[in-house]
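Me: Hi! I'm new to this one, could you walk me through it?
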Amino acid sequence: MASLGSSIRSAARATFFAYRRVPVRWRLGGGSAALTFVILTGFAGVVGVLTEQQITDQFSSQMNLATQYLQGLMKPVYTATHTLNCAGVDLDLPSFAGADNAQIRVFDDSGALLCTQAPSYITGVSGDIVPKGVPSFSVPTNRGVYDEDGYRLSAVRISWKPNDHGWLVYARPLDSIDDTISRLKLFLGLGVLGGTILALLAGLLVAQRAMRPVSELTEVTREIERTRDPTLRLPHFDADDEVSELARTLGSMLAALDSARTESDAALNRQREFVADASHELRTPLTSVLANLELLADELDGEPAESAKSALRATRRMRRLVADLLLLARADIERRQPLRPIDLGARLTDAAAELGPVSEEHVLTIAPEAARLDGIGDDLHRMILNLLENAISHTPPGTRIQARTGIENGHPVLVVEDDGPGIPIELQDRVFERFVRGGGDAGGSRGTGLGLAIVSAVADAHGAGVEMQSLPSLRGTRFKITFPAAGTHAHRAVERDGADELDQTSTTTGSTIGRRRSLS
């Protein structure tokens with residue numbers, strides 16, 4: 001019993017959840033159609049029963065009237081040959097019975113059939129006088145109406161001279177009344193079905209009109225989701241109903257979210273500006289500290305010299321980190337620097353030369369073809385250094401690293417690829433995030449986890465696209481950066497004849513040499 005109850009509850013729960021998944025307009029339309037169906041079915045049932053009873057009563061009443069009329073007109077008499085003439089003088093039995101496809105029988109008290117409505121059997125004869133295909137009714141025992149062999153019969157007593165008595169039976173087929181009742185049921189069924197369909201259509205139409213404000217709200221909220229702009233206005237409805245209340249509530253919520261977002265963005269921008277300003281202000285004292293440590297390392301001997309060199313390495317690392325944070329902070333607050341014509345191939349050559357001391361255990365090959373673009377020289381130099389250092393830091397000795405620049409389809413491109421072990425699958429979606437470090441430099445002294453984040457930030461600042469391909473099963477990683485063609489940036493700087501460009505210090509996540517370089 002417990003199992004049966006649990007099954008019933010599970011079935012009811014599943015039915016309820018299935019109903020909840022049906023769209024609201026179909027639930028409203030279906031509910032109105034179901035209610036209409038129940039009402040019309042009940043109405044049709046009552047009407048059908050009452051009408052059928054009325055038709056049956058009318059049929060029986062007609063039978064009684066016809067029998068009484070026939071009883072009054074029928075005057076059976078004996079002929080000279082002692083046979084019974086049932087029609088008499090004023091009665092045409094064939095015409096009277098043929099109008100309703102009726103059957104007429106006259107029995108004597110002994111049960112013998114004396115007459116029928118057939119012309120040849122109006123006068124009683126001996127033998128079988130019932131026509132073929134017509135049922136042989138039994139002799140009635142009581143007056144009244146009853147059914148037999150698909151006919152409704154009405155029996156009354158009749159007498160004739162000199163002193164004989166018998167039974168008059170008037171019968172009509174039930175097919176006519178059954179056909180009428182069947183047509184009635186058909187019409188009622190079609191009425192119920194038509195009313196249900198009309199109720200469904202009307203319910204869907206009303207539900208659609210009622211749900212139209214909700215659809216408008218849905219479209220606007222989807223647009224807000226797509227654009228992430230909470231300032232978009234929600235539709236205003238004149239009716240003071242639940243939908244209008246929902247729209248006002250959503251509008252108030254979006255206004256509150258927009259206010260909170262504005263405050264959060266303002267606080268975040270202040271934080272980013274602080275990081276950018278602090279990083280910029282730290283460069284000068286770090287440069288001074290770095291210069292003093294270099295002097296100390298050159299002048300001291302023994303253990304003090306080793307301490308000075310260790311402090312010098314830490315200061316250089318801090319200077320690189322500050323420069324990286326400054327670049328990323330500028331990218332975050334969108335502080336755009338003026339762009340100047342740059343040869344990407346020359347930048348690749350300089351970066352490769354700078355990495356010479358740390359790439360001795362790798363096979364580094366470059367193909368610096370001319371590729372002019374509008375850019376920030378120091379940022380591009382740092383991006384190339386980061387890509388090369390990333391390949392050196394995360395591949396074993398002996399790995400071949402190839403870098404090239406050139407023009408493809410009118411766009412400058414930079415390609416850095418290696419035949420190392422590749423980037424682990426679990427890190428590939430996060431390699432351009434900040435402070436994500438691979439296994440090759442985890443715990444080492446060179447990696448900060450900002451190298452590829454800087455690559456992405458520099459590419460975005462130049463309107464470039466970064467493509468990465470790394471399949472550990474096939475060995476190797478390939479980075480391809482495609483830049484816009486030269487002259488397409490709106491904030492390109494106006495160059496002065498004979499003016500030299502002084503770039504920022506070139507630093508990366510690897511061990512690079514900070515220096516100031518002059519480019520024409």
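Predicted model: local features only at pLDDT ≥ 70, side-chain atom pairs only at ≥ 80, totals over all residues.

Me: OK, new topic. How many helices and strands are there?
Reply: There are nine helices and 16 strands in the protein. Five of the strands form an open sheet, in the order 4-3-7-6-5, with antiparallel pairing.

Me: Which strands stand at the edges of that sheet, and why is one side of each left without a neighbour?
Reply: Those are strand 4 (113–116) and strand 5 (144–148). Each has a single partner strand, so one of its sides has no neighbour in the sheet. On average, neighbouring strands of this sheet are turned by 30° against each other, direction ignored.

Me: How many bridges pair strand 3 with strand 4?
Reply: Three bridges, in the antiparallel sense, and strand 3 covers residues 103–108. As an example of who faces whom, Arg105 stands opposite Thr116 in strand 4.

Me: Which strands does helix 2 lie across?
Reply: Helix 2 (residues 24–73) lies across strand 3, strand 5, strand 6 (151–160) and strand 7 (164–173). Helix 2 runs at about 145° to strand 7.

Me: Last one: among contacts with a separation of 6 or more, what share comes from residues 24 or more positions apart?
Reply: Such residues account for 66% of those contacts in the protein.

Notes. Residues numbered from 1 in each chain as written. Heavy atoms only, no water. Pairing = 2+ DSSP bridges. Helix = DSSP H or I, 4+ residues; strand = E, 2+ residues; numbered from the N terminus. Axes fitted to C-alpha atoms, helices over the stretch in contact; angles between N-to-C directions. Contact = heavy atoms within 4.5 Å.
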